[in-house]
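Hi everyone, thanks for coming.

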Amino acid sequence: MPTDDHILLARRHLAAARKLTILTGAGISADSGVPTFRGADGLWRNFRPEDLATPEAFERDPRLVWEWYNWRRELIATKQPNSAHHAVVELEQRWVDRMWLITQNVDGLHRAAGSQRLSEIHGNIWKVRCTGCGVVSENREIPLPPLPTCRLCQALLRPHIVWFGESLWEEEIHRCDEALRDCDVFLVIGTSGVVYPAAGFASVAKEAGAMVIEINLDRTPQSNLVDLSLQGRAKDLVPLLLYPA
């Protein structure tokens, strides 16, 4: 656990911030019991997730990919936002229109907790996108049919997820870039710091003059770059930032 002085320093910088931007990764959802993407408990039927989360895998065997996503949806449906998710919502309420949340997570737990000002840069597992007409819609049916189809044009649906080999949505990246370059404090919570472009966000914010604070269970490749690195569980540390400086 970080020292009281480190927590107090983080609170002071938050209290003085005009604008706040937050980035979250798998670590914040791990505290809700969601398996991390690369963890030992993230394996499924001897497939590597990286081999299933690609456009090529979907083209080759959409039934297998949807079976995997149905399994993930069933697992995530049993999970609830934890104290870190709720603390992020309270930070949003304090900063009102001066805070923006960027999440790499697709589990929808931030929205379930009440976050409204956010970019889900890798998509949302509870949304589907038509491969024909391109319409995106929310669908919480569990399980979905083995090969779900669009109600509008009958084409095959796919998860509304950014897969390996696909580019992030340009509109979302533009919104994130604005938030990174305009914040006074950039709070990085539970991300490995190895998946780009999010792994480069701390550098963008720091170069723009922001104070960068990292909260993670272990040190990351970003730890030497940030201004303050706090080691511990997100569910324990993020709520501590809510207290007055």
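So, how many aromatic pairs does the count come to? It comes to four. Please keep in mind as we go that this is a predicted model.

Let's start with Trp68 and Tyr69. Their ring centres are 4.8 Å apart and their planes meet at 65°, over the 60 degrees needed, so this pair is edge-to-face. Trp68 is buried, with a relative accessible area of 2%, and Tyr69 is buried too, at 1%.

Tyr69 also forms an aromatic pair with Trp163, and this one is tilted: 6.4 Å from centre to centre, with 45° between the planes. What I like here is that the pair links distant parts of the chain. Tyr69 sits in helix α5, residues 62-76, while Trp163 is in the loop between β6 and α8, and the two are 94 residues apart. If we step back, ring pairs link Phe58, Trp66, Trp68, Tyr69 and Trp163 into a cluster.

Over at Trp100, the charged end of Arg175 sits over the ring, 3.9 Å from its centre.

Now for the cores. Which residues touch the most other members of the largest nonpolar core? Among its 28 residues, they are Leu20, Ile22 and Leu187. Helix α6 gives the most to this core, with five residues. Leu187 touches residues including Leu20, Ile22, Leu91 and Ile213. Apart from that core lies another, of 23 residues, and our friend Trp163 is among them.

Technical notes
Residues numbered from 1 in each chain as written. Predicted model: local features only at pLDDT ≥ 70, side-chain atom pairs only at ≥ 80, totals over all residues. Heavy atoms only, no water. Core = buried A, V, L, I, M, F, W, Y, C linked by side-chain atoms within 4.5 Å. Buried < 20%, exposed > 50% of the residue type's maximum accessible area, 1.4 Å probe, protein only. Helix = DSSP H or I, 4+ residues; strand = E, 2+ residues; numbered from the N terminus. Contact = heavy atoms within 4.5 Å. Phe/Tyr/Trp six-rings, centres within 6.5 Å; stacked < 30°, edge-to-face > 60°. Lys NZ or Arg CZ within 6 Å of the ring centre and 35° of its normal. Lists of a residue's contacts leave out its neighbours within four places in sequence.
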